[in-house]
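Here is a short report for a first look at this structure. Take a moment with the sequence and the model before reading on.

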Amino acid sequence: MELDSLISHFFGTDDPASLTEAEFARALEKLTIAFGVEREPGRRFALWTLLHAFDLAPLPAEAFAKEPQLKAAAEDYLSAAFRLERFGDGA
């Protein structure tokens, strides 16, 4: 899944910042629901990372309780994101 395609699909635009507050909230609701019903692991992980970008992702242990490989990947993703946020590109 490509990030630009996901954003366009759920937000109906390439620029979510251009949406009204209500439109943005509806898009986030659609994204949250899609994550909850998705069963294909790769797509589920992609949706989780997009939720994380909007500070809506559940913790890996909750999101992937029955999928240890995805849980580990999500934890690795969070660690890398934290290092990048904290230390920049030199992490």
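## Contacts of Phe64

Two residues are in contact when heavy atoms lie within 4.5 Å. The model is predicted. Beyond its neighbours within four places in sequence, Phe64 touches Phe35, Arg44, Phe45, Trp48, Leu70, Lys71 and Ala74 by contact.

## The nonpolar core

The largest nonpolar core holds 20 residues. Phe64 is among those with the most contacts inside it, along with Phe10, Phe11, Phe35, Leu47 and Trp48. Helices H1, H2, H3 and H5 (68-87) each supply at least two of the core residues. H3 gives the largest share, six residues.

## Helix H2

Helix H2 runs over residues 21-37. Its 17 residues should span 24 Å at 1.5 Å a residue, and its end C-alpha atoms are 25 Å apart, which agrees.

Ala27, Leu28, Leu31, Ala34 and Phe35 of H2 are buried. They cover an arc of only 120° around the axis, so they sit on the same side of H2. Their cover includes helices H1 (3-11), H3 (41-53) and H4 (60-63).

## Salt bridges

There are three salt bridges in the structure. Glu67 pairs with Arg44 at 3.5 Å, N to O. This pair links distant parts of the chain, 23 residues apart: Glu67 is in the loop between H4 and H5, and Arg44 is in helix H3. Arg44 counts as buried at 10% relative accessibility, whereas Glu67 is partly exposed at 22%.

Arg43 meets Glu38 at 3.2 Å, N to O. Lys71 pairs with Glu75, with the closest N and O atoms 3.1 Å apart. Lys71 and Glu75 are four residues apart in helix H5, so about one helical turn separates them.

Methods
Residues are numbered from 1 along each chain as its sequence is written. This is a predicted model: local features need pLDDT of at least 70, side-chain atom pairs count only at pLDDT 80 or more; totals for chains, interfaces and linings use all residues. Side-chain values use heavy atoms; hydrogens and water are left out. The expected span of a helix is 1.5 Å times one less than its number of residues. Buried means under 20% relative accessible area, exposed over 50%, partly exposed in between (1.4 Å probe, protein chains only). The arc is that of the directions from the helix axis to the C-beta atoms. A nonpolar core is a set of buried Ala, Val, Leu, Ile, Met, Phe, Trp, Tyr and Cys residues joined through side-chain atoms within 4.5 Å. A salt bridge is a side-chain nitrogen of Lys or Arg within 4 Å of a carboxyl oxygen of Asp or Glu.
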